[in-house]
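Q: I would like to learn how to read a protein model step by step. Could we begin with a contact between a charge and a ring, and then move on to other features?

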Amino acid sequence: MRISVSRRLTFVLIAAATSLAAAACSGSSSGSGSGSASSGTNLTIGWGQDPDNVDPAITLAQTVRSMDLQVFQTLVWETPSGQITPDLATSWTVSPDGKTYTFNLRKGVIFQDGTPFNAAAVVANFKFITAKSTHSADALGDLGTCLSATATGPYTVQVHCSAAYPLLTNISSPDIGMQSPKAIAKYGTNIQFHLVGTGPFEFVKYVPNQSLVLKRWPKFNWAPPALHQNGPAKAAQLTYDFVTNSGSRVSELQSGQAQIIEGTPAAYYVQFKTSSQFKDLPVPIAGMGIFMPFDVNKFPTNDTAVRQAISYFVNRPAAIKTALRGAFPQLTTPLQPGVLGYSASVPQYSFDPAKGSQILTADGWKKAGGVWTKGGKQLSIVLNSLAGDPQYPLIMQAVQGQLATQGIKASISTNAVTAWINFNAAGEMNSTVLEFANPDPAQMLQWYGPGQYYEAWTKVNDPALTKLLEAGQSATSDSARVSDYVAAQKIIMNQAYEIPFHVNEDLLTYASSVSGIEYEGGGNVFFYQAH
């Protein structure tokens, strides 16, 4: 499941599915793909998640960001290398205390309903995201302490923060895509059926559990400068066909019903790499990767020694090879490569059963009948697996088998999104597996800071860790932030608050006839130049 807490699930984990049943659209039509309003390719994309809500201000799902990116633009654009560049803002300054951001806005931009984009539009979007009636989660989290905006001129806006906050990276997320103030006022929280942005594609229709259809907007002429291209999109139409069954998505691709699929099952992804019919694109999703957080209040993972031993007993390379065909690189630290603060110097747990056994023995555990016991209780844990994404059950099954060989009993509870979220929040699991997508390391505070959303799952209350994470969020220099986040990760790993599992990548497979697919720094796929 593409969860994004914070940013891209995103809180939350993608929240509860919405839905209905599936219809594919499209196939390839003739056309030069030149970007003219009367020609171009119709692209159907087999999408692996049913959106919870396609309104960027409300969605909790990382995968929705990629869809919203086609319709909405943000103030800044993050390149795949992590550079923050202009988009709807042409330039910006930050006050010395890091609490005030001043943006100079692009002139001559209009929304797809004809409403002008200006400072007043930015202010309206901030008010919409922060309104209690909106029930924003990820977008609100992206704004952090920067919850108000004022127009200081027709094309100048100031964003005010109650404390220093790394706003620029976070507002590059499509969660903060600028929506038409007119549409916000007219449709409110029902706006997901009337999306209006300034981007290269405009809304046609959204049928929950079935599809989202977008068409090229011929007036688009203000692409992010980093893309080195302007004018309308090359594709005439995009149809996101929501197909949660991975085998059905593969069948769509093989039959030509879809030209692109995301979330390609690892086995097929590896197989298709050798086929001339298809191309592949592993899209890195910035964040905390695929990882297994522990509930540190629930027995027996309330014991640091147990968490450390489990970390040594889990053989990640073997699990990735057997469960995921080796399609993903192993992750060994809380932040994956490319995110500010990533460091290979952070303590790591290699597969070392002897070390794990030594830790448990020193902690008073003894093996009886091949199972670790202490005080009359067996070392038994509950793993909560998210249904719908085939890789998570496979990972959980691999971990279950590995722990069994080391004397730990692990039961697996498999749940759909809402039940999975509730199960975690209720303290019923010892560990789960998920993705957490966000290009800024401040995301870790969401998991390990008291009172934060995901802390309700981990129950971590570590004053030293909290101090470092809060300092990293408010520091105004990258060097200071890196220092704080490296130190924070050392605590996370020493205390075994999580098991980093594998680097988070969205495995795209597409027909060899398709070209021009790209992605931005957060790992959101962009079809502006695709054809």
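**Reading rings, pockets and overall form**

A: In this predicted model, the charged end of lysine 377 sits over the ring of phenylalanine 299, at 4.8 Å from the centre of that ring.

Q: How many aromatic pairs does the count come to?

A: Two rings count as a pair if their centres lie within 6.5 Å, and by this rule the structure has 25 aromatic pairs. One of them joins phenylalanine 272 and phenylalanine 278, whose rings are 4.8 Å apart from centre to centre, with 45 degrees between the planes, and this pair is tilted.

Q: Are phenylalanine 272 and phenylalanine 278 buried or exposed?

A: A residue is called buried if its relative accessible area is under 20%. Phenylalanine 272 has a relative accessible area of 5%, so it is buried, and phenylalanine 278, with a relative accessible area of 11%, is buried too.

Q: Why is the pair of tyrosine 453 and tyrosine 454 edge-to-face?

A: The angle between the planes decides the class, and over 60 degrees counts as edge-to-face. The planes of tyrosine 453 and tyrosine 454 stand at 70 degrees, with the ring centres 4.9 Å apart, so the pair is edge-to-face. As for accessibility, tyrosine 453 is partly exposed, with a relative accessible area of 43%, whereas tyrosine 454 is buried, with a relative accessible area of 0%.

Q: Which residues do ring pairs link into a cluster?

A: Tyr453 and Tyr454 belong to such a cluster, in which ring pairs also link Phe291, Trp420, Phe436, Trp447 and Trp457.

Q: How much space lies in the largest pocket, and which residues are closest to its centre?

A: The largest pocket holds about 660 Å³ of space. It is lined by 36 residues, and those closest to the centre are Thr169, Leu340, Asp440, Asp478 and Arg481. Sorted by class, the lining of the largest pocket has 20 nonpolar, 12 polar and 4 charged residues.

Q: What is the volume of the second largest pocket, and which elements supply at least two residues of its lining?

A: The second largest pocket has a volume of about 320 Å³, and its lining is made of 28 residues, with Gly263, Thr264, Asp389, Pro390 and Gln391 nearest the centre. At least two lining residues come from each of helix H6 (246–255), helix H7 (266–272), helix H9 (316–324), helix H11 (391–405) and strand S22 (505–511). By class, this lining divides into 11 nonpolar, 9 polar and 8 charged residues.

Q: Which residues line the largest cavity?

A: A cavity differs from a pocket in that a probe fits inside but cannot get out. The largest cavity has about 40 Å³ of space, and the residues lining it are Leu69, Phe72, Gln73, Trp77, Asp87, Pro200, Phe220, Pro224 and Phe526. Of these, 7 are nonpolar, 1 is polar and 1 is charged.

Q: How many helices and strands does the protein chain have, and why is it called as compact as a globular protein of that length?

A: The protein chain has 16 helices and 24 strands. Its radius of gyration is 23 Å, close to the 24 Å that the globule rule gives for 531 residues, so the chain is as compact as a globular protein of that length. Along the principal axes, its C-alpha atoms fill a box of roughly 75 × 55 × 35 Å, and 60% of the 531 residues are buried.

Terms used:
Residues numbered from 1 in each chain as written. Predicted model: local features only at pLDDT ≥ 70, side-chain atom pairs only at ≥ 80, totals over all residues. Heavy atoms only, no water. Phe/Tyr/Trp six-rings, centres within 6.5 Å; stacked < 30°, edge-to-face > 60°. Buried < 20%, exposed > 50% of the residue type's maximum accessible area, 1.4 Å probe, protein only. Lys NZ or Arg CZ within 6 Å of the ring centre and 35° of its normal. 1 Å grid on protein atoms, 1.4 Å probe; cavity = no way out; pocket = protein on both sides within 12 Å on 5 of 7 lines; lining within 4 Å. Points joined across faces, edges and corners; volume = space filled by probe spheres on them. Nonpolar A, V, L, I, M, F, W, Y, C, P; charged D, E, K, R; others polar. Helix = DSSP H or I, 4+ residues; strand = E, 2+ residues; numbered from the N terminus. Rg over C-alpha atoms; globule rule 2.2 N^0.38 Å.
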